[in-house]
Amino acid sequence: MASNIKTYIVVVFLIVISSKAFIWEVDAEGDCGRNSIFQEAVSFRPCLGSAQNARIKVPAACCAKVASLLRTAPRCLCAVLLSPIAKQVGVKPQIGVTIPKRCNIKNRYAGRKCGGYTVPL
């Protein structure tokens with residue numbers, strides 16, 4: 001009996017957490033054009049290490065992805081850095097916003113806010 005109650009509580013908890021993540025992603029939909037924030041976050045795999053640690057050199061594949069994204073959907077980078085999936089894999093938004101500067105991207109929207117973090121000049 002106690003096992004059934006625990007199972008029920010866990011299932012309800014997972015549903016609530018899943019629905020909150022889904023609702024947040026739907027609210028932010030459009031920041032990444034036709035792709036969902038989840039799809040864009042998954043495509044940022046080359047950036048994972050450099051979004052967790054500022055001392056890690058940003059790979060060329062990451063720089064190309066970020067540069068392309070800033071040209072087509074500049075708000076998407078912020079949406080990805082603040083997404084639930086990024087948080088789950090250990091992305092630190094305060095480090096992630098430094099990637100465009102570390103890649104020497106000219107049009108990086110320096111000085112703009114991303115959550116509580118400012119894109120470096």
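**Order of the elements and the cysteine links**

Modeller: Gladly; from the N terminus on, the elements of the chain run α-α-α-α-α-α-α-α-β-β. Please keep in mind throughout that this is a predicted model.

Colleague: Which pattern do the disulfides of the chain follow?

Modeller: A disulfide is a covalent bond between the sulfur atoms of two cysteines. A search of the whole structure finds four disulfides. With the bonded cysteines counted along the chain, the pattern is 1-5, 2-3, 4-7, 6-8.

Colleague: How many residues apart are Cys-32 and Cys-76, and is their link right-handed or left-handed?

Modeller: Cys-32 and Cys-76 are joined by a disulfide with an S to S distance of 1.9 Å, and both of these cysteines are buried. Cys-32 sits in the loop between α1 (2-28) and α2 (37-43), whereas Cys-76 belongs to helix α5, so that distant parts of the chain, 44 residues apart, are linked. The value about the S-S bond is 90°, and the link of Cys-32 and Cys-76 is right-handed.

Colleague: Why is the disulfide of Cys-47 and Cys-62 called right-handed, and what is the torsion about its S-S bond?

Modeller: The sulfur atoms of Cys-47 and Cys-62 are 2.0 Å apart and form a disulfide. This pair links distant parts of the chain, with Cys-47 in the loop between α2 and α3 (48-52) and Cys-62 in helix α4, 15 residues apart. Both Cys-47 and Cys-62 are buried. The disulfide is right-handed because the torsion about the S-S bond of Cys-47 and Cys-62 is about 110°.

Colleague: Is the link of Cys-63 and Cys-103 right-handed or left-handed?

Modeller: Cys-63 and Cys-103 form a disulfide in which the sulfur atoms are 2.1 Å apart. Cys-63 lies in helix α4 and Cys-103 in the loop between α8 (99-102) and β1 (113-114), so this pair ties together parts that are 40 residues apart in sequence. Cys-63 and Cys-103 are both buried. With -80° about the S-S bond, the link of Cys-63 and Cys-103 is left-handed.

Colleague: Are α4 and α5 parallel or oblique to each other?

Modeller: The axes of helix α4 (residues 60-72) and helix α5 (residues 74-81) come within 5 Å and cross at roughly 120°. Angles from 65 to 115 degrees would count as roughly perpendicular, and angles over 145 as roughly antiparallel. The crossing of roughly 120° therefore makes α4 and α5 oblique.

Colleague: Which residues make that contact, and how many of them are nonpolar, polar and charged?

Modeller: From α4 the contact takes Val-66, Leu-69, Leu-70 and Thr-72, and from α5 it takes Pro-74, Cys-76 and Leu-77. The residues of this contact of α4 with α5 divide into six nonpolar, one polar and no charged.

Colleague: Is Ser-83 buried or exposed, and which backbone oxygen does its side chain reach?

Modeller: Ser-83 lies in the loop between α5 and α6 (84-88). Ser-83 counts as buried because its relative accessibility is 3%. At 2.8 Å, the side chain of Ser-83 reaches the backbone oxygen of Val-80.

Key: Residues are numbered from 1 along each chain as its sequence is written. This is a predicted model: local features need pLDDT of at least 70, side-chain atom pairs count only at pLDDT 80 or more; totals for chains, interfaces and linings use all residues. Side-chain values use heavy atoms; hydrogens and water are left out. Axes are lines fitted to C-alpha atoms, for helices over the stretch in contact, and angles run from 0 to 180 degrees between N-to-C directions. Helices (H or I, at least four residues) and strands (E, at least two) are DSSP runs, numbered from the N terminus. Angles under 35 degrees count as roughly parallel, over 145 as roughly antiparallel, 65 to 115 as roughly perpendicular and the rest as oblique. Contact means heavy atoms within 4.5 Å. Ala, Val, Leu, Ile, Met, Phe, Trp, Tyr, Cys and Pro count as nonpolar, Asp, Glu, Lys and Arg as charged, and the others, Gly among them, as polar. Buried means under 20% relative accessible area, exposed over 50%, partly exposed in between (1.4 Å probe, protein chains only). A polar contact is a pair of N or O atoms within 3.5 Å; within protein, one must be able to donate a hydrogen and the other to accept it, and residues adjacent in sequence count only if both atoms are side-chain atoms. A disulfide is a pair of cysteine sulfur atoms within 2.5 Å.
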